[in-house]
Amino acid sequence: MTPSQAINGVLRKVPAWTIYIVCAAWTGWLFYLALTGGLGVEPINALEREYGELGLKLLVLGLLVTPLRKWTGVNLLKFRRAIGVSAFFVILAHFTVWAVLDVQTWERVWTEIVKRPYVTVGMVGFVLMIPLALTSNNLSVRKLGAATWRKLHKLTYPVAVLGAVHYLWLARGFQWEPIIYLLIILGLIATRYVSFDWKRQPA
């Protein structure tokens, strides 16, 4: 038995809904830390950042499913929907903390979206996630048809890029972390369109 087969054997025993439980627990724990001073002297800003980074990590994980299966044989396909839906709700939490606890008025929210490019980019990415979340169910696959559903869910690619650009634009000064996120996301998207042949070609 290969390592990938052993891993897949373990993964088959893990229900997909555990992703929702873990994500909800971690999101709640971060909120608790913000309430109790565990996120520092600026808990609202820290909570925004934590939720944003968690959402971006989940987007990266969702993009990783296909190349991981292709290159290593490890199959996370049954978890991909739960990962995507969890990413949406974490990013919704990120937006809610920013809009309700930080900015506080919807008039100012709209002003920030219009005037600040990094907010505009993030908001566009969030809006593009809404149809993905609404159609992440078997009924939508049947209603839309598998081909149309797959085309719609390619919106995941621009969503992830916009999220990384939002993070990069938001960062103060030169920071490697948002750049690395953007490069990883672009690389994972490129694997969908570029064929890599790892076998040595005959001379």
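How far apart should the ends of helix α4 lie at 1.5 Å a residue, and how far apart are its end C-alpha atoms? I looked this up for the 24 residues of α4 (residues 80-103), which should span 34 Å, and I found the end C-alpha atoms 33 Å apart, which agrees. The expected span of a helix is taken as 1.5 Å times one less than its number of residues, and helices are DSSP runs (H or I, at least four residues) numbered from the N terminus.

I note that this is a predicted model, in which local features need pLDDT of at least 70 and side-chain atom pairs count only at pLDDT 80 or more, while totals for chains, interfaces and linings use all residues. Residues are numbered from 1 along each chain as its sequence is written, and side-chain values use heavy atoms, with hydrogens and water left out.

Entry on the helix ends. Just after α4, I found Gln104 with a positive phi of about 80 degrees, and just after α2, Gly37 takes a positive phi of about 85 degrees.

Entry on α2. Helix α2 (residues 18-35) has 18 residues and reaches 26 Å from its first C-alpha to its last, close to the 26 Å expected at 1.5 Å a residue. I then looked up which of its residues are buried (under 20% relative accessible area, with exposed over 50% and partly exposed in between, for a 1.4 Å probe and protein chains only), and found Cys23, Thr27, Leu30, Leu33 and Ala34. Seen down the axis of α2, these buried residues fall within an arc of 120 degrees, so they line one face of the helix; the arc is that of the directions from the helix axis to the C-beta atoms. On the other side of α2, Ile21, Ala24 and Leu35 are exposed. The cover over the buried residues of α2 includes α3 (43-72) and α4, where contact means heavy atoms within 4.5 Å.

Entry on aromatic rings. I searched the whole structure and found 7 aromatic pairs, counting rings of Phe, Tyr and Trp (its six-membered ring) whose centres lie within 6.5 Å, with planes under 30 degrees apart called stacked, over 60 edge-to-face and the rest tilted. Trp29 and Tyr32 form a stacked pair, 5.5 Å centre to centre with 25 degrees between the planes, and both lie in α2, 3 residues apart, about one turn of the helix. Trp29 is partly exposed at 42% relative accessible area, and Tyr32 is partly exposed at 45%. Phe88 and Phe89, by contrast, pair edge-to-face, 5.2 Å centre to centre with 75 degrees between the planes, and Phe88 counts as buried at 11% relative accessibility. I also note one aromatic cluster formed by Phe88, Phe89, Phe95, Trp98, Trp106 and Phe126.

Methods: Helix = DSSP H or I, 4+ residues; strand = E, 2+ residues; numbered from the N terminus.
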